[in-house]
Amino acid sequence: MYAWLALLRKSVEDSSYTIGQHAFRRMGARGITIDDIRRCALEGDFLRTQDHGGYLKVVLRGYDENQQAFLVIAALCWP
């Protein structure tokens, strides 16, 4: 497992993360819950990284309660 993926998962386990307003709006529009996001971060499929915008971003695929796929893009940064 990649070190930064382990760091992301540890942050989620410790509830040491934030969800931005844009993400909350998208979640609401799509019926994705915080539990869905947590499950995706902890168990989701790693797809790729993105390195534009100043922070390393991790793209994960998860599934909601209805087994509909969605993506989580997590920016990894130090506070």
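β3 gives the most to the lining of the largest pocket, with seven residues. Helices and strands here are DSSP runs (H or I, at least four residues, for helices; E, at least two, for strands), numbered from the N terminus. The model is predicted, so to speak of local features takes pLDDT of at least 70 and side-chain atom pairs count only at 80 or more, while totals for chains, interfaces and linings use all residues. Numbering starts from 1 along each chain as its sequence is written, and side-chain values use heavy atoms, leaving out hydrogens and water.

About 1,000 Å³ of space lies in this pocket, the volume being what probe spheres set on the grid points fill, with points joined across faces, edges and corners. A pocket is an open set of points on a 1 Å grid over the protein atoms alone, where a 1.4 Å probe fits, with protein on both sides within 12 Å along at least five of seven lines; lining residues have an atom within 4 Å of a point. Of the 30 lining residues, Thr-18, Val-72, Ile-73, Ala-74 and Ala-75 come closest to the centre. Besides β3, helices α1, α2 (21–30) and α3 each supply at least two.

As for the sheet, it is open, with three strands in the order β1-β2-β3 and antiparallel pairing (pairing takes at least two DSSP bridges). Its edge strands are β1 (45–50) and β3 (69–76). β1 and β2 (residues 56–63) share five bridges, and Thr-49 stands opposite Val-58 in β2. Helix α3 (residues 34–43) packs on the sheet, touching β1, β2 and β3 (contact means heavy atoms within 4.5 Å).

Terms used. Axes are lines fitted to C-alpha atoms, for helices over the stretch in contact, and angles run from 0 to 180 degrees between N-to-C directions.
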